[in-house]
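Trainee: I'd like to learn how to read a structure like this one. Can we go through it together?

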Amino acid sequence: MTKRKIAVILAVVVLAGAAAGGLRIWRDNRSLSAAAAVTDWGVSYQKQGATPVGNASAEYLRQFDSWYCGCAEDKVIYLTFDAGYENGFTPTILDVLAAHDAPAAFFIVGNYIKTSPELVRRMVTEGHIVGNHTETHSDMSRITDLESFKAELEKLEADFSATTGTELPKYYRPPQGKFSEANLKNAKQLGYKTIFWSLAYVDWYVDNQPTKEQAFEKLIPRVHPGAVVLLHSTSKTNAEILDALLTRWEEEGYRFGSLDELTGGDAAAEPSNETASLPSGGTSAPLSGEAQGDEDGQ
């Protein structure tokens, strides 16, 4: 082989190595960019009675003390309500929960504490969890630094303690379901467990409420073992159907568990292999399905 051919071969090898290195750098940069990207929480219902596929896998979320569902082997439902403001229906909701001996979690904002302190105290007295939905219901995915994130949560903690004389349980739900990996890390660093959901429907438009029949069409076939149900306490329909809904689920063999059970007991096991893992950057585009994200208090 001539010296010229050897030189040509060496040049090709060097160029190939440089190209491969450049590709690796591009991929790494893309992963870093994806890790900082915003994800709107969403699920896709692919099989009746089965855990829906989330746009973040249960395994991925768990590393940040985050959940969207429980164990797929246990017929347990975890009831949660988002309360952006009081619309007159929470007393009825609390009455129904008491009648069914069903624990629930209410994710509230600062305005709710200020306008409805008696209902917040009743939630605590009757054994429900009150969670942190932030002080101002801001888009938390836009907040990247820990101190600003912390301020939104700690203000609500202070308001809650002043109102109830107790400490706020460390459960956090991102407003509108908007989150980033940085948010999940910040919440975990502050001792919070982030709670998403696996079952929800469009119930938050107070001037365009679904009929009872429409609500049941969404909520009955999509329930599944380990479901974390999100309902809005501002919904007139939810208040009207709740007793019948819980009765129906009980007739199907379900019981109601608390978030303490979900995050600390056997129900925290991996739900199934039907969850979607995130790409290397830690985010994904929202999946199709009506329960992509939600907006409280609108």
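Trainee: Let me start with a helix. What covers the buried residues of H9?

Mentor: Keep in mind that this is a predicted model. To read a helix's surroundings, look at what sits over its buried side. For H9, the cover includes strands S5 (76-83), S11 (227-232) and S12 (255-256), along with helices H3 (90-99) and H8 (212-222).

Trainee: Which residues of H9 are buried?

Mentor: Going along the helix, they are Thr237, Asn238, Ala239, Ile241, Leu242, Leu245, Leu246 and Trp249.

Trainee: How do I check the length of H9?

Mentor: Count the residues and work out the span you'd expect. H9 covers residues 236-251, which is 16 residues, so at 1.5 Å a residue it should span 22 Å. Its end C-alpha atoms are 24 Å apart, and that agrees.

Trainee: And where is the kink in H9 centred?

Mentor: On Leu242, with a bend of about 50°. Leu242 is also on the list of buried residues.

Trainee: What happens at the two ends of H9?

Mentor: At the start, look for a side chain reaching back to the backbone. Here a side-chain oxygen of Ser235 comes to within 3.3 Å of the backbone nitrogen of Thr237. A polar atom of the Ser235 side chain also lies 3.0 Å from the backbone nitrogen of Asn238. Just after the helix, Gly253 takes a positive phi of about 95°.

Trainee: Is Ser235 buried or exposed?

Mentor: Ser235 counts as buried because its relative accessibility is 0%, and the cut-off for buried is under 20%. Ser235 sits in the loop between S11 and H9. Leaving out residues up to four places away in sequence, Ser235 touches Phe89, Asp203 and Gln209.

Trainee: Let's turn to strands. Which way do the residues of S6 point?

Mentor: Check each face of a strand separately. In S6 (residues 104-108), Ala104, Phe106 and Ile108 point one way, while Ala105 and Phe107 point the other, and all are buried.

Trainee: How many bridges join S6 to S5, and how many to S7?

Mentor: Five bridges join S5 to S6, and these two run parallel. S6 and S7 also pair in the parallel sense, over four bridges. To place them residue by residue, find Asp82 opposite Phe107 in S6, then Ile108 opposite Asn132 in S7.

Trainee: What about the faces of S7?

Mentor: Both are covered. In S7 (residues 129-132), Ile129 and Gly131 on one side and Val130 and Asn132 on the other are all buried.

Trainee: How far apart are Pro52 and Arg222, in sequence and in space?

Mentor: Pro52 and Arg222 are 170 residues apart in sequence, yet 8.5 Å apart in space, C-alpha to C-alpha. Pro52 is in the loop between strands S2 (43-44) and S3 (53-54). Pro52 counts as buried because its relative accessible area is 1%.

Trainee: What pLDDT does the protein average?

Mentor: The average is 83, and 76% of the residues score at least 70. Over residues 18-36 the pLDDT is below 50, and beyond near neighbours in sequence this stretch has eight contacts in the model. Residues 265-298 are also below 50, but that stretch has 107 such contacts. Where pLDDT is low, the predicted coordinates should not be read in detail.

Key:
Residues numbered from 1 in each chain as written. Predicted model: local features only at pLDDT ≥ 70, side-chain atom pairs only at ≥ 80, totals over all residues. Heavy atoms only, no water. pLDDT = per-residue confidence, 0-100. Contact = heavy atoms within 4.5 Å. Buried < 20%, exposed > 50% of the residue type's maximum accessible area, 1.4 Å probe, protein only. Pairing = 2+ DSSP bridges. Expected span 1.5 Å × (residues − 1). Bend = angle between axes of the 7 residues up to and from the residue. Polar contact = N/O pair within 3.5 Å; in protein donor to acceptor, adjacent residues only side chain to side chain.
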